[in-house]
Amino acid sequence: MEPEVVEQPRAPRLEPELPNSTEKVQVKEPERKSKLNIEELNRIEDEDVLDKMLDRTVDFEERRLIRNAMRELRQRKREQREKERDQRLQEMRSQALAGRAGHTTETTTTQSSQSADGSARSTVTKTERLVQVTSRTTTMESSYVKRSDTGNSTFVQTKSSYSSSAKKTGSIFDREDESASRQSSLAALERRQAEKKKELMKAQSLPKTSASQARKAMMEKLQKEGGSSPNPAAAGTAVQRSSSFGVPNANSIKQMLLDWCRAKTRGYEHVDIQNFSSSWSDGMAFCALVHNFFPEAFDYSQLTPQNRRHNFEVAFSSAEKHAECPQLLDVEDMVRMREPDWKCVYTYIQEFYRCLVQKGLVKTKKS
(Lines give C-alpha, C1' and ligand atoms only; values in the text may rest on other atoms or scores of the structure.)
Protein backbone atom coordinates (compact mmCIF):
# COMPACT_ATOMS: atom_id res chain seq x y z
CA MET A 1 0.00 0.00 0.00
CA GLU A 2 1.21 3.41 -0.88
CA PRO A 3 1.41 5.84 1.95
CA GLU A 4 -1.18 8.60 1.86
CA VAL A 5 0.12 12.03 1.09
CA VAL A 6 -1.49 14.57 3.22
CA GLU A 7 -1.59 17.99 1.51
CA GLN A 8 -0.89 20.76 3.88
CA PRO A 9 -2.95 23.90 3.40
CA ARG A 10 -1.02 26.66 1.69
CA ALA A 11 -0.78 30.09 3.21
CA PRO A 12 -2.90 32.57 1.34
CA ARG A 13 -0.88 34.86 -1.00
CA LEU A 14 -1.16 38.38 -0.10
CA GLU A 15 -1.31 40.71 -3.06
CA PRO A 16 -1.25 44.44 -2.77
CA GLU A 17 -4.54 45.99 -3.40
CA LEU A 18 -4.40 48.27 -6.36
CA PRO A 19 -6.77 51.16 -6.48
CA ASN A 20 -9.61 50.79 -8.83
CA SER A 21 -9.12 52.80 -11.95
CA THR A 22 -12.69 53.95 -11.82
CA GLU A 23 -12.31 55.38 -8.35
CA LYS A 24 -10.89 58.93 -8.11
CA VAL A 25 -7.93 59.46 -5.90
CA GLN A 26 -8.66 62.23 -3.48
CA VAL A 27 -5.71 64.51 -2.89
CA LYS A 28 -5.85 66.69 0.09
CA GLU A 29 -5.59 70.33 -0.83
CA PRO A 30 -3.42 72.51 1.30
CA GLU A 31 -5.37 74.40 3.81
CA ARG A 32 -6.08 77.91 2.60
CA LYS A 33 -4.72 80.68 4.59
CA SER A 34 -7.09 82.50 6.78
CA LYS A 35 -8.79 85.54 5.40
CA LEU A 36 -7.22 88.93 5.99
CA ASN A 37 -8.55 90.77 8.96
CA ILE A 38 -10.08 94.16 8.20
CA GLU A 39 -8.90 95.61 11.47
CA GLU A 40 -5.30 94.57 10.77
CA LEU A 41 -5.47 96.16 7.32
CA ASN A 42 -6.85 99.40 8.75
CA ARG A 43 -3.94 99.59 11.20
CA ILE A 44 -1.42 99.67 8.34
CA GLU A 45 -0.42 103.29 7.71
CA ASP A 46 2.01 102.69 4.84
CA GLU A 47 0.47 102.57 1.38
CA ASP A 48 3.50 100.80 -0.06
CA VAL A 49 2.92 97.84 2.27
CA LEU A 50 -0.67 97.49 1.08
CA ASP A 51 0.48 97.77 -2.50
CA LYS A 52 2.95 94.90 -2.03
CA MET A 53 0.25 92.78 -0.37
CA LEU A 54 -2.01 93.45 -3.32
CA ASP A 55 0.66 92.21 -5.72
CA ARG A 56 1.25 88.99 -3.75
CA THR A 57 -2.34 87.87 -3.28
CA VAL A 58 -4.46 86.28 -5.99
CA ASP A 59 -7.68 85.82 -4.07
CA PHE A 60 -10.44 88.11 -5.26
CA GLU A 61 -11.89 88.72 -1.81
CA GLU A 62 -8.49 89.56 -0.32
CA ARG A 63 -7.73 91.96 -3.15
CA ARG A 64 -11.04 93.69 -2.56
CA LEU A 65 -10.29 94.10 1.15
CA ILE A 66 -6.82 95.47 0.42
CA ARG A 67 -8.20 97.98 -2.08
CA ASN A 68 -10.79 99.16 0.45
CA ALA A 69 -8.03 99.57 3.03
CA MET A 70 -5.98 101.62 0.56
CA ARG A 71 -8.92 103.89 -0.19
CA GLU A 72 -9.61 104.45 3.49
CA LEU A 73 -5.92 105.16 4.11
CA ARG A 74 -5.88 107.79 1.35
CA GLN A 75 -9.04 109.35 2.75
CA ARG A 76 -7.52 109.56 6.22
CA LYS A 77 -4.37 111.18 4.88
CA ARG A 78 -6.43 113.67 2.88
CA GLU A 79 -8.47 114.62 5.92
CA GLN A 80 -5.30 114.97 7.95
CA ARG A 81 -3.79 117.34 5.35
CA GLU A 82 -6.95 119.46 5.30
CA LYS A 83 -6.98 119.62 9.07
CA GLU A 84 -3.34 120.73 9.17
CA ARG A 85 -4.03 123.35 6.51
CA ASP A 86 -6.94 124.73 8.51
CA GLN A 87 -4.75 124.88 11.59
CA ARG A 88 -2.03 126.78 9.73
CA LEU A 89 -4.63 129.19 8.35
CA GLN A 90 -6.04 129.79 11.82
CA GLU A 91 -2.54 130.42 13.19
CA MET A 92 -1.81 132.92 10.43
CA ARG A 93 -5.05 134.75 11.13
CA SER A 94 -4.31 134.92 14.84
CA GLN A 95 -0.81 136.20 14.13
CA ALA A 96 -2.19 138.85 11.78
CA LEU A 97 -4.68 139.95 14.43
CA ALA A 98 -1.96 140.12 17.07
CA GLY A 99 0.55 141.89 14.84
CA ARG A 100 -1.77 144.54 13.46
CA ALA A 101 -3.51 146.74 15.96
CA GLY A 102 -7.10 147.33 15.01
CA HIS A 103 -8.21 150.87 14.20
CA THR A 104 -11.39 151.78 16.09
CA THR A 105 -13.75 154.65 15.38
CA GLU A 106 -16.66 155.35 17.70
CA THR A 107 -19.51 157.73 16.97
CA THR A 108 -22.25 158.68 19.48
CA THR A 109 -25.46 160.50 18.54
CA THR A 110 -28.07 161.68 21.06
CA GLN A 111 -31.57 162.85 20.18
CA SER A 112 -34.07 164.17 22.74
CA SER A 113 -37.77 164.80 22.32
CA GLN A 114 -40.51 165.98 24.66
CA SER A 115 -44.26 165.57 24.46
CA ALA A 116 -46.53 168.54 23.84
CA ASP A 117 -47.88 168.67 27.38
CA GLY A 118 -44.39 168.18 28.86
CA SER A 119 -45.30 165.08 30.79
CA ALA A 120 -43.02 162.70 28.90
CA ARG A 121 -39.43 163.07 27.76
CA SER A 122 -37.65 160.60 25.43
CA THR A 123 -33.90 160.36 24.82
CA VAL A 124 -32.37 158.14 22.11
CA THR A 125 -28.62 157.51 22.19
CA LYS A 126 -27.04 155.82 19.14
CA THR A 127 -23.47 154.52 19.36
CA GLU A 128 -21.62 153.16 16.29
CA ARG A 129 -18.26 151.47 16.75
CA LEU A 130 -16.23 150.73 13.61
CA VAL A 131 -13.32 148.35 14.11
CA GLN A 132 -10.93 147.66 11.19
CA VAL A 133 -9.04 144.56 12.16
CA THR A 134 -7.08 144.15 8.92
CA SER A 135 -7.17 145.68 5.48
CA ARG A 136 -9.60 142.93 4.50
CA THR A 137 -11.79 142.65 7.60
CA THR A 138 -14.04 145.38 8.97
CA THR A 139 -16.35 145.00 11.97
CA MET A 140 -19.17 147.39 12.82
CA GLU A 141 -21.01 147.41 16.13
CA SER A 142 -24.13 149.54 16.71
CA SER A 143 -26.11 150.05 19.92
CA TYR A 144 -29.35 151.94 20.49
CA VAL A 145 -30.45 153.10 23.97
CA LYS A 146 -33.90 154.66 24.32
CA ARG A 147 -34.75 156.26 27.64
CA SER A 148 -38.28 157.47 28.30
CA ASP A 149 -39.33 159.38 31.42
CA THR A 150 -43.05 159.48 32.14
CA GLY A 151 -43.85 161.07 35.44
CA ASN A 152 -42.30 159.00 38.18
CA SER A 153 -41.34 155.99 35.98
CA THR A 154 -38.35 155.52 33.69
CA PHE A 155 -38.30 153.08 30.76
CA VAL A 156 -35.00 152.03 29.17
CA GLN A 157 -34.83 150.09 25.87
CA THR A 158 -31.54 148.77 24.50
CA LYS A 159 -30.84 147.34 21.04
CA SER A 160 -27.50 146.17 19.60
CA SER A 161 -26.41 145.06 16.14
CA TYR A 162 -23.20 143.55 14.80
CA SER A 163 -21.90 143.23 11.23
CA SER A 164 -18.64 142.13 9.70
CA SER A 165 -17.34 142.22 6.14
CA ALA A 166 -14.32 140.57 4.60
CA LYS A 167 -13.02 140.59 1.08
CA LYS A 168 -12.58 137.31 -0.71
CA THR A 169 -9.01 136.27 -1.25
CA GLY A 170 -7.28 133.45 -3.04
CA SER A 171 -4.92 130.97 -1.48
CA ILE A 172 -3.13 131.68 1.80
CA PHE A 173 0.06 132.35 -0.12
CA ASP A 174 -1.58 135.26 -2.04
CA ARG A 175 -2.79 137.17 1.03
CA GLU A 176 -0.95 140.47 0.70
CA ASP A 177 -1.83 143.78 2.14
CA GLU A 178 -3.78 145.69 -0.50
CA SER A 179 -2.87 149.07 0.88
CA ALA A 180 0.86 148.29 0.65
CA SER A 181 0.54 147.00 -2.92
CA ARG A 182 -1.50 150.07 -3.89
CA GLN A 183 1.10 152.38 -2.41
CA SER A 184 3.92 150.58 -4.22
CA SER A 185 2.08 150.79 -7.55
CA LEU A 186 1.44 154.52 -7.05
CA ALA A 187 5.11 155.05 -6.20
CA ALA A 188 6.18 153.18 -9.36
CA LEU A 189 3.78 155.27 -11.46
CA GLU A 190 5.17 158.47 -9.98
CA ARG A 191 8.74 157.33 -10.73
CA ARG A 192 7.85 156.61 -14.37
CA GLN A 193 6.18 159.98 -14.76
CA ALA A 194 9.21 161.70 -13.25
CA GLU A 195 11.54 159.86 -15.66
CA LYS A 196 9.40 160.83 -18.66
CA LYS A 197 9.34 164.45 -17.52
CA LYS A 198 13.12 164.39 -17.11
CA GLU A 199 13.62 162.96 -20.62
CA LEU A 200 11.26 165.58 -22.08
CA MET A 201 13.16 168.40 -20.40
CA LYS A 202 16.45 166.97 -21.65
CA ALA A 203 15.12 166.80 -25.20
CA GLN A 204 13.88 170.37 -24.99
CA SER A 205 17.26 171.56 -23.78
CA LEU A 206 19.05 170.15 -26.89
CA PRO A 207 19.73 172.58 -29.76
CA LYS A 208 17.03 172.46 -32.43
CA THR A 209 18.06 171.92 -36.07
CA SER A 210 15.82 172.27 -39.08
CA ALA A 211 15.54 169.74 -41.89
CA SER A 212 17.46 171.97 -44.28
CA GLN A 213 20.33 172.37 -41.80
CA ALA A 214 20.53 168.60 -41.30
CA ARG A 215 20.56 168.04 -45.07
CA LYS A 216 23.27 170.68 -45.52
CA ALA A 217 25.41 169.06 -42.79
CA MET A 218 25.11 165.65 -44.45
CA MET A 219 26.13 167.08 -47.84
CA GLU A 220 29.18 168.73 -46.30
CA LYS A 221 30.18 165.43 -44.72
CA LEU A 222 29.88 163.64 -48.07
CA GLN A 223 31.98 166.30 -49.77
CA LYS A 224 34.69 165.93 -47.12
CA GLU A 225 34.80 162.15 -47.53
CA GLY A 226 34.68 162.01 -51.37
CA GLY A 227 36.15 165.38 -52.29
CA SER A 228 34.34 168.55 -53.32
CA SER A 229 31.93 168.11 -56.20
CA PRO A 230 32.04 170.78 -58.96
CA ASN A 231 28.33 170.24 -59.67
CA PRO A 232 26.11 170.97 -56.65
CA ALA A 233 23.03 169.65 -58.47
CA ALA A 234 24.71 166.28 -59.03
CA ALA A 235 25.71 166.13 -55.40
CA GLY A 236 22.14 166.90 -54.34
CA THR A 237 20.84 164.18 -56.67
CA ALA A 238 23.28 161.65 -55.23
CA VAL A 239 22.22 162.52 -51.73
CA GLN A 240 18.54 162.29 -52.66
CA ARG A 241 18.93 158.79 -54.15
CA SER A 242 20.87 157.41 -51.22
CA SER A 243 19.08 155.89 -48.29
CA SER A 244 21.81 156.56 -45.70
CA PHE A 245 25.19 158.23 -46.26
CA GLY A 246 25.31 157.52 -50.00
CA VAL A 247 24.63 153.76 -49.83
CA PRO A 248 21.75 152.76 -52.18
CA ASN A 249 19.23 150.26 -50.94
CA ALA A 250 18.21 146.97 -52.60
CA ASN A 251 15.21 148.39 -54.47
CA SER A 252 17.22 151.21 -56.02
CA ILE A 253 19.96 148.77 -57.12
CA LYS A 254 17.37 146.49 -58.71
CA GLN A 255 15.78 149.38 -60.58
CA MET A 256 19.16 150.72 -61.72
CA LEU A 257 20.15 147.29 -63.07
CA LEU A 258 16.80 146.95 -64.85
CA ASP A 259 17.24 150.38 -66.46
CA TRP A 260 20.78 149.40 -67.52
CA CYS A 261 19.51 146.22 -69.22
CA ARG A 262 16.73 148.17 -70.95
CA ALA A 263 19.23 150.75 -72.23
CA LYS A 264 21.71 148.14 -73.50
CA THR A 265 19.02 146.17 -75.40
CA ARG A 266 17.16 149.15 -76.89
CA GLY A 267 16.64 148.66 -80.61
CA TYR A 268 16.83 144.87 -80.55
CA GLU A 269 13.90 143.05 -82.12
CA HIS A 270 11.61 140.88 -79.92
CA VAL A 271 13.03 142.43 -76.73
CA ASP A 272 11.00 144.53 -74.27
CA ILE A 273 12.47 144.42 -70.77
CA GLN A 274 9.94 145.45 -68.10
CA ASN A 275 10.90 143.10 -65.26
CA PHE A 276 13.26 140.28 -64.32
CA SER A 277 10.75 137.46 -64.94
CA SER A 278 8.45 137.31 -67.98
CA SER A 279 10.62 139.67 -70.07
CA TRP A 280 13.37 137.00 -70.09
CA SER A 281 11.20 133.90 -70.69
CA ASP A 282 12.07 133.32 -74.39
CA GLY A 283 15.83 133.95 -74.08
CA MET A 284 15.89 136.85 -76.55
CA ALA A 285 16.71 139.40 -73.84
CA PHE A 286 19.74 137.34 -72.73
CA CYS A 287 20.95 137.08 -76.30
CA ALA A 288 20.47 140.81 -76.97
CA LEU A 289 22.36 141.77 -73.80
CA VAL A 290 25.30 139.48 -74.61
CA HIS A 291 25.29 140.50 -78.32
CA ASN A 292 25.51 144.20 -77.36
CA PHE A 293 28.94 143.60 -75.80
CA PHE A 294 30.11 140.72 -78.03
CA PRO A 295 28.54 141.21 -81.49
CA GLU A 296 30.98 138.77 -83.10
CA ALA A 297 29.90 135.90 -80.86
CA PHE A 298 26.76 134.98 -82.88
CA ASP A 299 24.32 136.32 -85.46
CA TYR A 300 21.36 137.82 -83.59
CA SER A 301 19.21 138.10 -86.74
CA GLN A 302 19.04 134.30 -87.02
CA LEU A 303 17.35 133.92 -83.60
CA THR A 304 13.58 133.56 -83.10
CA PRO A 305 11.47 133.73 -79.89
CA GLN A 306 9.95 130.29 -80.67
CA ASN A 307 13.28 128.48 -80.31
CA ARG A 308 13.68 129.11 -76.60
CA ARG A 309 16.13 126.30 -75.83
CA HIS A 310 18.54 127.43 -78.56
CA ASN A 311 18.37 131.04 -77.36
CA PHE A 312 19.27 130.09 -73.77
CA GLU A 313 22.13 127.87 -74.90
CA VAL A 314 23.59 130.57 -77.18
CA ALA A 315 23.33 133.33 -74.55
CA PHE A 316 24.74 131.35 -71.59
CA SER A 317 27.58 129.73 -73.56
CA SER A 318 28.61 133.02 -75.19
CA ALA A 319 28.59 134.86 -71.85
CA GLU A 320 30.75 132.14 -70.32
CA LYS A 321 33.17 132.10 -73.24
CA HIS A 322 33.68 135.83 -73.78
CA ALA A 323 32.84 137.39 -70.39
CA GLU A 324 33.85 134.41 -68.20
CA CYS A 325 30.42 134.54 -66.57
CA PRO A 326 29.50 131.20 -64.93
CA GLN A 327 26.28 129.54 -66.05
CA LEU A 328 24.25 130.10 -62.90
CA LEU A 329 21.00 129.31 -64.76
CA ASP A 330 20.16 125.85 -66.08
CA VAL A 331 18.80 125.63 -69.63
CA GLU A 332 16.38 122.81 -68.77
CA ASP A 333 14.92 124.80 -65.89
CA MET A 334 14.48 127.88 -68.02
CA VAL A 335 12.73 125.89 -70.76
CA ARG A 336 10.46 124.10 -68.29
CA MET A 337 9.27 127.30 -66.58
CA ARG A 338 6.91 129.57 -68.46
CA GLU A 339 8.06 132.54 -66.40
CA PRO A 340 11.46 132.20 -64.70
CA ASP A 341 12.05 133.18 -61.08
CA TRP A 342 13.00 136.85 -60.97
CA LYS A 343 15.51 136.25 -58.18
CA CYS A 344 17.46 133.77 -60.33
CA VAL A 345 17.46 136.10 -63.35
CA TYR A 346 18.40 139.08 -61.18
CA THR A 347 21.34 137.14 -59.68
CA TYR A 348 22.61 136.08 -63.12
CA ILE A 349 22.42 139.63 -64.49
CA GLN A 350 24.32 140.90 -61.47
CA GLU A 351 27.07 138.33 -62.06
CA PHE A 352 27.22 139.20 -65.77
CA TYR A 353 27.51 142.90 -64.91
CA ARG A 354 30.33 142.15 -62.43
CA CYS A 355 32.25 140.19 -65.05
CA LEU A 356 31.91 143.04 -67.56
CA VAL A 357 33.24 145.48 -64.96
CA GLN A 358 36.26 143.25 -64.31
CA LYS A 359 37.03 143.17 -68.05
CA GLY A 360 36.72 146.93 -68.31
CA LEU A 361 33.73 146.82 -70.67
CA VAL A 362 31.50 148.67 -68.17
CA LYS A 363 32.75 151.68 -66.27
CA THR A 364 31.42 152.58 -62.84
CA LYS A 365 31.66 155.81 -60.88
CA LYS A 366 34.47 154.40 -58.75
CA SER A 367 36.51 153.40 -61.80
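Is Arg336 buried or exposed in this predicted model? With a relative accessible area of 60%, Arg336 is exposed, where exposed denotes over 50% relative accessible area, buried under 20%, and partly exposed the range in between, as computed with a 1.4 Å probe on protein chains only. The model is predicted, so that local features are reported only at pLDDT of at least 70 and side-chain atom pairs only at pLDDT 80 or more, while totals for chains, interfaces and linings use all residues. Residues are numbered from 1 along each chain as its sequence is written, and side-chain values rest on heavy atoms, with hydrogens and water left out.Side chains of opposite charge can pair when their charged atoms come close. A search of the whole structure finds eight salt bridges, a salt bridge being a side-chain nitrogen of Lys or Arg within 4 Å of a carboxyl oxygen of Asp or Glu. Among them is the pair formed by Arg336 and Asp333, whose closest N and O atoms are 2.4 Å apart. Both residues belong to helix α10, in which they are three residues apart, or about one turn of the helix; helices (H or I, at least four residues) and strands (E, at least two) are taken as DSSP runs and numbered from the N terminus. Whereas Arg336 is exposed, Asp333 is partly exposed, at a relative accessible area of 31%.

Another of these pairs joins Glu61 to Arg64, with 2.3 Å between the closest N and O atoms. The two residues lie three residues apart in helix α3 (residues 60-99), and are therefore separated by about one helical turn. Glu61 is partly exposed, with a relative accessible area of 30%, and Arg64 is likewise partly exposed, with a value of 35%.

A further salt bridge is formed between Lys359 and Glu324, the closest N and O atoms being 3.9 Å apart. This pair links distant parts of the chain, since Lys359 is located in the segment after α11 (342-358) and Glu324 in the loop between α9 (308-322) and α10 (331-336), 35 residues apart. Lys359 is partly exposed, with a relative accessible area of 41%, while Glu324 counts as exposed at 59% relative accessibility.

Ser279, in the loop between α7 (250-264) and α8 (284-293), is buried, with a relative accessible area of 14%. Its side chain reaches the backbone oxygen of Asp272 at 3.3 Å, and a polar atom of the Ser279 side chain lies 2.9 Å from the backbone nitrogen of Gln274. When neighbours within four places in sequence are left aside, Ser279 is in contact (heavy atoms within 4.5 Å) with Asp272, Ile273, Gln274 and Ala285.

Definitions and conventions
A polar contact is a pair of N or O atoms within 3.5 Å; within protein, one must be able to donate a hydrogen and the other to accept it, and residues adjacent in sequence count only if both atoms are side-chain atoms.
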